[in-house]
Amino acid sequence: MQFFTDNILLIFILPIIAAGLAFSAKIFKFSVSENTVKFSTITASVVSLVFASALFYSYNFGGVSPFEIYTNWLRLGETNLSLGILIDKFSTIFFLGFSIIAFAANCLMVFKYKDDSKFCQYIGYLNLFTVFSELLIFSQNIPQAYILSILTGVFAYLSSDLAEEKSENSSLSLILNRIGDVAFLIGLIVFISFVINSDVQEGSSLLAFSELHMFAPDFYVYLSDAGFYTACLFIIIGIVAKTGMFPMYNIFENQSKMPAPMYSTICSLTIGTGLFLFVRLISMFELSETILNTIYILSAITIIVCMILFLFVNNRRSYYMQAMAAILFLPVPKTLFYIVFAAFVLATLTDIILQPQCILIKLPTPIQNVLKSIENISNLYRWFGDNIVDFFANFTKVVDKYIINGFLKIINILTRFISWCVSLTQNGNIQSYIAFGIIGTAAILIVYILLIIGIGEM
Amino acid sequence: MLFSFLSLTFLIFSPILAAVIIASPLFGTNPIYIRRFAKTFGTCHFLYTLLFVLFCNLGVGPFYNEINILGTGWLSNLGINAAFGIDGMTVLLVAITSFTFLLSLILSKTIIRTKHKMYYTLMFLLLSALLGIFCAKDMFVFLIFWLAELIPMYLLISEWGTGDCKQSAMKYVLFTFAGSIFMLMAMIALYYYGYHANGELSSSIDFLRINMEDGIFPIVLKKLIFWGFFIGFAVKLPIFPFHTWLTDVNADSVPPVKMLFSAVLLNTAGYGLIRFNVDLFPELFTYYAPILMLLAMISIIWAALCALKQKDIYKVVSYASIMYMGLFLLGLSSLTKAGIDGAILLMITNAFIGTGLFAITGLVQQATKTKSLQEISGLGFYMPRLRNLSYIISFASMGIPLTIAFPAIFLICTGTYTADYTNELFPKIATILVAVSIVLTAMYLLRMFHSIFCGKADKKYNDITGHRLVVVSILAFFIILFGIFPDSLMSIYDSVSEMLSELLRA
């Protein structure tokens with residue numbers, strides 16, 4: 001058992017090496033054959049599976065106590081942000097699930113999609129995506145989980161970007177992901193500021209998961225109900241974006257051009273990591289009933305919307321996955337693992353067996369239109385994006401224009417004022433000359449400043 | 001023993017020697033020899049700067065001071081000494097300056113086709129002026145180098161640029177000069193009032209700091225001097241509303257010059273802001289911090305929104321630089337240790353990422369012969385190396401983890417949120433706006449890179465190889481390396497940020 005804990009880094013290093021070999025084979029034309037790529041990726045996934053089985057057995061049935069290690073990574077004022085590993089029952093369960101999915105996906109890719117022209121790149125991204133997902137479930141603290149959740153989103157985007165013909169779709173996924181990341185970041189910073197100001201945490205790394213249940217009640221008292229709800233809501237938005245819940249349920253739809261194993265892995269592992277974060281933070285969320293209600297309402301809406309779309313529209317596999325994911329937020333956390341695994345199997349089956357048959361129920365046109373508009377929420381995002389950006393871009397232009405025009409008017413007024421001052425000096429007394437001197441100098445300075453500002457983007 | 005031959009004088013003035021050698025008639029006009037000499041000298045110079053980094057990193061001492069060969073006798077009647085010194089922050093800026101210069105020299109190979117002798121001479125003169133800005137320990141010596149940089153930069157933009165390069169070069173000089181007038185007035189006021197107050201003429205920054213601490217200056221005069229310095233640096237940083245020159249200069253100059261602009265020129269203003277506004281007037285900086293934060297917020301959002309609608313690839317990257325420098329000011333105005341740490345790290349980040357983005361856009365323009373986004377598409381199919389390296393650098397610009405920008409932005413956000421202002425809500429709104437700007441960054445960079453690399457190309461392009469691949473790969477490598485180990489940089493300037501945060505807290 002000690003061997004597996006001591007060499008845990010091996011499960012992260014091997015996929016990275018496999019990814020490196022895959023990219024080298026394709027991009028840099030090094031002397032790496034496709035067979036080497038296949039061998040390395042299968043080896044990495046097999047080793048990962050062996051580790052996962054051993055850790056799962058020993059932590060769930062062998063009575064091994066949780067293992068935690070961390071090192072300081074980034075100075076954050078008076079405190080430090082750490083990177084580490086936390087192995088406990090919960091993480092080993094998820095790790096086993098993730099390893100099985102990764103192994104299945106690698107096998108399917110190697111045997112079914114070996115002739116794909118982008119095979120090596122897919123393998124590279126698959127390995128990197130898997131390794132960051134696995135690192136996430138071993139995260140020792142919240143900031144580390146946040147960092148790794150961003151990285152999983154990035155590699156999901158890169159994979160879909162490779163497959164997509166229309167790049168706007170994959171861009172939209174990444175932008176939605178970034179919105180989630182940013183919301184998570186704000187929630188996280190509220191947490192960090194609380195920990196820094198109140199010195200509540202001692203002896204462990206900043207916001208360690210193992211201590212969350214201890215300082216979460218203090219956090220709740222410190223922020224009051226409304227503040228606590230707002231902070232948690234930001235984190236929930238991050239999780240919602242990750243798991244593709246309402247109103248961000250179209251993130252997986254845009255990735256459906258990928259080969260089935262890639263798509264299924266990315267969907268199930270992304271949802272899995274979102275769920276992992278939800279369960280890890282549950283000791284905080286459960287302090288406020290309003291937060292739990294928000295999660296339930298979002299889950300219920302997602303289930304309804306995605307199930308309706310699954311039944312009545314063409315692109316069904318993503319909606320099925322998301323409806324499954326939303327169901328996971330309702331029951332007790334212990335059942336989560338089984339449903340994540342089931343989601344992967346079902347998604348793969350849906351893709352391979354059900355997709356070609358496309359059994360659709362004919363509905364009246366108005367209802368179809370309503371469904372179409374729900375399905376194409378991405379168009380709504382685009383509409384908002386384009387119009388809001390246009391509005392601001394025009395606004396900046398208008399402001400520029402008015403600044404310049406306004407300044408020109410001021411210059412005009414100043415010129416008239418100076419003429420008036422000059423007429424004053426014709427009286428010939430010393431006060432008039434002093435007044436003229438001061439006003440003249442000020443005017444020159446102002447004109448100079450206006451000239452600097454006035455040369456705008458126009 | 002290892003550090004016994006360190007000489008700041010040599011470090012600053014040796015590029016002038018290189019310029020003289022290249023410019024001398026004995027050297028000849030063969031571009032191959034000129035390039036080789038320039039690259040060899042640039043490499044040696046960079047390695048020499050690394051010794052200074054080692055000096056500051058190995059615990060030999062956080063500060064390194066030196067009175068150069070011109071010594072105290074130089075304009076001593078006026079109290080002006082050609083004294084130089086570096087600390088943990090400066091040494092990194094010096095190293096990054098030398099590093100960027102080396103990359104610019106390497107990338108110049110296929111871009112500069114005419115007047116090689118003049119080009120490389122001006123480049124080395126520029127390097128010397130920039131190093132002088134970072135190392136000067138005397139206010140007027142700082143100003144001399146600050147203005148000396150204008151001449152080579154003006155010629156580099158106007159002689160080798162494209163489009164309205166002459167107008168852009170003039171715009172740059174006018175803006176910097178206008179800002180420098182305010183700075184000069186502030187310096188003269190500081191110098192003479194100090195003399196009248198205690199009877200000693202000196203323009204040494206250390207001496208002025210003591211004067212400031214003594215409280216001999218009237219508060220109104222101090223405020224005027226503070227704003228004089230601030231306007232001088234704000235023009236070059238640049239922040240709203242003084243930013244318009246940067247987009248024009250970057251649109252019309254050659255890529256190696258753009259790289260220097262983004263990596264070094266903007267950092268000189270950031271450095272000046274820290275050295276003069278924060279170091280000499282900490283209490284006024286604290287007092288005006290909300291106004292500075294507001295300016296930074298406007299600058300960030302304005303730049304991000306403007307970048308979204310640009311059609312010129314260089315203008316998009318220019319606005320990214322403006323946004324970054326807005327973030328720098330935001331971090332600084334948070335007055336917290338985390339914010340200041342983030343601001344200094346952001347200067348280094350901007351150097352790497354700005355250089356990388358300009359190198360990429362330069363290579364794209366070289367391949368397609370256009371800089372209009374509407375006319376470029378489908379390069380990704382023929383140029384996979386450039387595409388992948390572009391992804392790394394653009395992701396870094398978006399602040400994705402494992403790249404150098406992430407720790408900088410994270411520190412700035414945390415520092416801003418925890419800022420101890422009278423109005424508690426203001427820093428929190430600023431943090432949310434920064435967060436919004438992160439999403440906007442993703443939008444405009446993805447829009448640009450998708451436009452460049454996706455879709456169908458109208459002709460076949462050759463992927464980057466040789467020195468071009470080396471330059472972009474090196475940048476991508478360091479962006480990731482320092483993203484994984486940000487503490488390796490932060491430990492070097494930690495003593496400086498600690499000192500600054502203590503000053504601002506006091």
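**Reading salt bridges and a helix pair**

Me: How many salt bridges does a search of the whole structure find over all chains?

Reply: Over all chains, the search of the whole structure finds 14 salt bridges. Keep in mind that this is a predicted model. The general idea is that side chains of opposite charge can pair when their charged atoms come close.

Me: Which residue forms a salt bridge with B:Arg275?

Reply: That would be B:Asp279, with the closest N and O atoms 3.4 Å apart. Both residues sit in helix 11 (residues 255-280) of chain B, 4 residues apart, or about one turn of the helix.

Me: And how many salt bridges are there across the interface of chain A and chain B?

Reply: The rule finds 2 there. A:Arg75 pairs with B:Asp487 in a salt bridge, and their closest N and O atoms are 2.8 Å apart. As for the interface itself, 49 residues of chain A are in contact with 55 residues of chain B. The area buried between the two chains is about 4800 Å², and carbon and sulfur atoms give 76% of it.

Me: Now the helices: at what angle do the axes of helix 3 and helix 19 of chain B cross?

Reply: Two packed helices are described by the angle between their axes and the distance between the axes. Here, helix 3 (residues 88-111) and helix 19 (residues 466-484) of chain B have axes that come within 8 Å and cross at roughly 155 degrees. The two helices are therefore roughly antiparallel to each other, and their crossing is left-handed. Residues making the contact include B:Phe99 and B:Leu103 of helix 3 and B:Val471 and B:Phe478 of helix 19. By class, the contact has 8 nonpolar, 2 polar and 2 charged residues.

Key: Residues are numbered from 1 along each chain as its sequence is written. Chains are lettered from A and ligands numbered from 1 in the order in which they are written. This is a predicted model: local features need pLDDT of at least 70, side-chain atom pairs count only at pLDDT 80 or more; totals for chains, interfaces and linings use all residues. Side-chain values use heavy atoms; hydrogens and water are left out. Axes are lines fitted to C-alpha atoms, for helices over the stretch in contact, and angles run from 0 to 180 degrees between N-to-C directions. Angles under 35 degrees count as roughly parallel, over 145 as roughly antiparallel, 65 to 115 as roughly perpendicular and the rest as oblique. A crossing is left-handed if the near helix is turned anticlockwise from the far one by less than a right angle, and right-handed if clockwise. Contact means heavy atoms within 4.5 Å. Ala, Val, Leu, Ile, Met, Phe, Trp, Tyr, Cys and Pro count as nonpolar, Asp, Glu, Lys and Arg as charged, and the others, Gly among them, as polar. Buried area is the accessible area (1.4 Å probe) that two parts lose on being put together, summed over both. A salt bridge is a side-chain nitrogen of Lys or Arg within 4 Å of a carboxyl oxygen of Asp or Glu.
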